[in-house]
Amino acid sequence: MTQTLNAPPELHEHVMLEHRRRPIIRSAARGAIAAMAMSGLRRLTGSLGMLPATPPESVLERTAPTAFHRVPVRLRPAAVELVHWTYGAVGGAAFGLLPRGLRRRPWAGPVYGVLAWTAFEAGLAPALGLHRGHGAAARLALLADHVLYGVVVAASPWPHEDR
């Protein structure tokens with residue numbers, strides 16, 4: 001630490017910038033991992049008949065139908081997953097932007113997941129005409145996987161570094 005304080009100001013500034021970026025990058029990585037965990041839970045809820053179609057697939061079909069249908073049928077599930085993981089990474093990075101004191105609260109992750117679900121349910125889904133005819137089971141399944149998302153995003157494998 002003494003070396004950093006005696007270092008030229010531009011080096012100190014670089015170190016501080018890296019220190020601020022670290023939680024965002026790590027949260028983005030956890031966001032992608034959280035989206036992967038959500039995909040697993042969605043596979044289960046879909047197999048149980050609770051969720052007829054996944055939101056990433058529905059969103060792609062509504063927002064980019066031409067691009068989506070250009071993807072060969074056998075590769076569409078992979079494209080949907082990659083897009084979902086990207087959404088997850090962006091959401092994770094946004095979590096990393098939150099103040100450190102807020103991110104370290106035990107309830108922060110689940111609340112973040114519920115807020116993400118609420119934004120989807122109240123904003124994106126109605127705007128795109130999604131969920132028409134979906135019942136309470138589908139909404140409950142989506143709420144559960146978003147809570148899981150928040151728990152994973154907030155879990156830090158590097159607690160001494162991120163928090």
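Predicted model: local features only at pLDDT ≥ 70, side-chain atom pairs only at ≥ 80, totals over all residues.
View 1. Residues are numbered from 1 along each chain as its sequence is written, and side-chain values use heavy atoms, with hydrogens and water left out. Arginine 26 belongs to helix H2 (residues 9–47), and its C-alpha atom is separated by 8.4 Å from that of serine 156, 130 residues apart along the chain.

**View 2. The fold as a whole.** The protein has nine helices and zero strands, these elements being DSSP runs numbered from the N terminus (helices: H or I, at least four residues; strands: E, at least two). Along the sequence the pattern reads α-α-α-α-α-α-α-α-α, and of the 163 residues in the protein, 33% are buried.

**View 3. Helix H5 and its buried residues.** Helix H5 covers residues 76–97, and its 22 residues should span 32 Å at 1.5 Å a residue, which agrees with the 32 Å between its end C-alpha atoms; the expected span is 1.5 Å times one less than the number of residues. The buried residues of H5 are Arg76, Val80, His84, Gly88, Gly91, Gly92, Ala93, Phe95 and Gly96. The charged end of arginine 76 sits over the ring of phenylalanine 68, 5.4 Å from the ring centre, a description that requires NZ of Lys or CZ of Arg within 6 Å of the ring centre and within 35 degrees of the ring normal.

View 4. One aromatic pair is found in a search of the whole structure. Phenylalanine 95 and tyrosine 112 form this pair edge-to-face, at 5.1 Å centre to centre and with 70 degrees between the planes. Rings of Phe, Tyr and Trp (its six-membered ring) pair if their centres lie within 6.5 Å, and planes under 30 degrees apart count as stacked, over 60 as edge-to-face and the rest as tilted. The partners are 17 residues apart and link distant parts of the chain, with phenylalanine 95 in helix H5 and tyrosine 112 in helix H7 (residues 108–128). Phenylalanine 95 counts as buried at 2% relative accessibility, and tyrosine 112 is also buried, at 17%.

**View 5. Packing around helix H7.** H5 and H7 pack at an angle of about 130 degrees with their axes 12 Å apart, so H5 is oblique to H7. Axes are lines fitted to C-alpha atoms, for helices over the stretch in contact, and angles run from 0 to 180 degrees between N-to-C directions; those under 35 degrees count as roughly parallel, over 145 as roughly antiparallel, 65 to 115 as roughly perpendicular and the rest as oblique. The axes of H7 and helix H8 (residues 136–154) come within 7 Å and cross at roughly 140 degrees, which makes H7 oblique to H8. For helix H3 (residues 55–63) and H7, the axes come within 10 Å and cross at roughly 40 degrees.

**View 6. Alanine 144 in helix H8.** Alanine 144 lies in helix H8 and, at 37% relative accessibility, counts as partly exposed. Alanine 144 and methionine 38 are 106 residues apart in sequence, and their C-alpha atoms are 8.8 Å apart in space.

Notes: Buried < 20%, exposed > 50% of the residue type's maximum accessible area, 1.4 Å probe, protein only.
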